[in-house]
Amino acid sequence: MATDSLTITDNRTGQTYEVPISDGTVRAMDLRQIKVDEDEFGMMAYDPAFTNTASCRSSVTYIDGAAGILEHRGYSIEQLCEKSTFLEVAYLLIFGELPTAPQLDRWMFDITHHTFVHEDLKHLFEGFRYDAHPMGMLLAGVGALSTFYPDAKQIGDPEERYMAAVRLIAKVPTLAAFSYRHNMGLPYVYPDNELNYAENFLSMVFKKTEDRHIPKEALTKALDVLFILHADHEQNCSTNAVRGVGSSDVDPYSAVAAGVAALYGPLHGGANEAVLRMLRRIESPENIPEFLERVKQRDEKLMGFGHRVYKNYDPRARIIQQYIEPVFEATEYSPLVEIARELEKRALDDEYFTERKLYPNVDFYSGIIYEAMGIPTDMFTVIFAIPRTAGWVAQWMEMQEDPEKKIARPRQIYTGERELEYVPIEQREGPEKIVGPPARRPKRPRRGA
Ligand code: SDX
């Protein structure tokens with residue numbers, strides 16, 4: 001009778017081992033028993049970038065990459081974008097259920113009344129150059145929040161965890177807007193409690209001399225949907241960073257700052273910024289064939305395409321496309337859309353991309369909408385960080401309740417030297433004069449290689 005286990009035969013010793021299978025996985029620790037000599041450390045699994053490693057159990061987000069399915073706490077992303085709002089989805093991610101009306105009212109009241117940041121944080125932002133990248137300022141601002149709320153270190157206290165969740169979701173948009181205003185040399189705009197979450201962010205970014213900045217409905221609707229689409233995405237690079245740093249029991253502000261740092265990278269959250277720069281470099285649809293050739297020569301990457309999990313169309317990219325027209329009706333039309341549409345069409349007709357299962361991901365169209373809203377390119381990833389803060393908080397909260405929670409400390413395959421004798425500096429060989437950074441010493445063949 002088939003059993004849920006692997007039988008592993010170690011051909012070095014002829015010994016066999018029964019390793020149980022649960023949830024379609026084997027525990028890496030079950031490999032440690034596989035040894036040749038009893039005093040060995042034992043077998044490890046090797047999985048750089050964790051391409052085939054489950055790091056945790058989670059019920060926040062479900063993705064079926066082959067089928068292009070994305071669900072949050074069991075609700076499809078399509079339903080949530082059509083029927084919910086970002087703050088309601090943030091509640092769902094964090095607390096696991098759709099809120100009742102009183103629960104949602106209290107949640108929205110708490111977040112609305114925690115959008116201000118301490119005045120001293122303005123001095124932190126004033127220390128940045130005028131042209132500092134806003135993601136660098138957001139990274140510093142989120143980390144600095146940990147110094148204003150030292151009680152957040154009591155991560156075992158549910159009330160402290162709740163307040164950290166509220167403060168992070170409420171204050172990240174304010175810090176994001178402050179970074180934009182600093183870059184523009186404009187005075188900071190304080191939160192307006194009469195506005196909803198998306199309206200308030202756009203007001204803090206764009207308000208000038210008018211008494212109250214009311215953004216166009218099409219823009220706030222599109223932004224709220226974009227916030228929902230970017231809220232969480234299971235164990236992506238930045239969530240992995242939040243969980244890894246959070247596993248040391250550091251406060252949640254510092255753990256979320258690690259997520260901001262990871263999202264900054266052009267292969268992750270920075271891709272939407274890179275997509276716009278790529279579209280501008282292409283300049284016109286006529287240049288697309290030559291650009292795609294450069295991609296095939298690996299001289300370029302088709303930014304906004306490809307995904308570690310989705311080997312089909314990213315469902316978020318499909319949803320975003322529904323909001324492009326309404327946004328362009330409310331703003332100036334962007335010629336970049338033509339280039340993006342033609343680029344997508346040609347790439348999807350080209351087996352180089354379809355063979356590698358490279359389809360548009362969430363970043364391919366989001367940047368075009370932000371551009372149409374008049375948001376500068378280097379703010380795109382900052383806008384990604386705003387809703388992803390809810391996902392990072394939800395995953396961090398879930399980890400606190402995980403009975404298997406331990407400090408993250410991977411192992412390694414050691415490839416360096418062993419047991420060398422120290423060489424006095426006068427006996428060391430090398431060039432008489434050093435020009436430029438020290439050259440990396442050529443790898444010596446491994447012992448026994
Ligand atoms: C996000 O993980 C998440 O969930 C992330 C995210 C989230 O919500 O948190 O969804 C958000 O980060 C979306 C992804 C945004 N990044 C980009 O758009 C940057 C461009 N895309 C890639 O660099 C790439 O596709 C990754 C990083 C997203 C995924 O890379 P993988 O899964 O490690 O795939 P790979 O690098 O092993 O590539 C497989 C093949 C390779 O070709 P071969 O060497 O086999 O011939 O596909 C090629 C790659 O060269 N390839 C690309 C490509 N992406 C992969 N070739 C050209 N252009 C690309 N964009």
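This is a predicted model: local features need pLDDT of at least 70, side-chain atom pairs count only at pLDDT 80 or more; totals for chains, interfaces and linings use all residues.
Start with the overall division.

Now look at the strands. Strand 1 (residues 5–10) and strand 2 (residues 15–20) run antiparallel and are joined by six bridges. One of the bridge pairs links Asp 10 to Gln 15 in strand 2. Strand 1 and strand 2 form a hairpin, with four residues between them. Gly 14 sits in the turn and has a positive phi of about 80°.

Strand 3 meets strand 4 (residues 69–72) over four bridges, in the antiparallel sense. Within that pairing, Thr 61 has His 72 in strand 4 as its bridge partner.

Next, follow the chain into helix 2. Helix 2 (residues 86–95) has nine of its ten residues buried, so the rest of the structure largely encloses it. The buried residues of helix 2 are Phe 86, Leu 87, Glu 88, Val 89, Ala 90, Tyr 91, Leu 92, Leu 93 and Ile 94. Just past helix 2, Gly 96 adopts a positive phi of about 90°.

Which side chain of opposite charge is nearest to Asp 224? That side chain is Lys 221, 5.5 Å away. A salt bridge requires a nitrogen-to-oxygen separation within 4 Å. Asp 224 is buried yet has no salt bridge.

Turn to the nonpolar interior. In soluble globular proteins, nonpolar side chains tend to be buried together. Here the largest nonpolar core has 123 residues. Trp 107, Phe 201, Met 278, Leu 302 and Leu 343 have the most contacts inside this core. Helix 6 (residues 158–184) supplies the largest share of the core, 14 residues. Not counting residues up to four places away in sequence, Met 278 touches Phe 291, Lys 301, Leu 302, Met 303, Leu 343 and Phe 364. Two of these contacts, Leu 302 and Leu 343, are themselves listed with Met 278 among the residues with the most contacts inside the core.

Charged pairs complete the tour. The model has 24 salt bridges. One of them joins Arg 243 to Glu 398, with the closest N and O atoms 2.8 Å apart. Arg 243 lies in helix 9 (residues 237–246) and Glu 398 in helix 18 (residues 380–400), so this pair ties together parts 155 residues apart in sequence. Are these two side chains buried or exposed? Arg 243 is buried, at a relative accessible area of 7%. Glu 398 is buried as well, at 17%.

Other pairs sit within single helices. An α-helix has 3.6 residues a turn, so residues three or four places apart point the same way. Glu 293 and Lys 296 form a salt bridge at 3.5 Å, N to O. They are three residues apart in helix 12 (residues 288–296), about one helical turn. Glu 293 is partly exposed, with a relative accessible area of 39%. Lys 296 also counts as partly exposed, at 22% relative accessibility.

Helix 15 (residues 336–348) holds another such pair, Glu 342 and Arg 346, four residues apart and about one turn of the helix. The closest N and O atoms of their salt bridge are 2.8 Å apart. Glu 342 is partly exposed at 23% relative accessibility, and Arg 346 is partly exposed at a relative accessible area of 35%. Salt bridges can also share partners: Asp 23, Arg 27, Arg 57 and Glu 404 are joined into one network in this way.

How values were computed: Residues are numbered from 1 along each chain as its sequence is written. Side-chain values use heavy atoms; hydrogens and water are left out. A nonpolar core is a set of buried Ala, Val, Leu, Ile, Met, Phe, Trp, Tyr and Cys residues joined through side-chain atoms within 4.5 Å. Buried means under 20% relative accessible area, exposed over 50%, partly exposed in between (1.4 Å probe, protein chains only). Helices (H or I, at least four residues) and strands (E, at least two) are DSSP runs, numbered from the N terminus. Contact means heavy atoms within 4.5 Å. Two strands pair if DSSP finds at least two bridges between them. Lys and Arg count as positive and Asp and Glu as negative; His and the chain ends are not counted.
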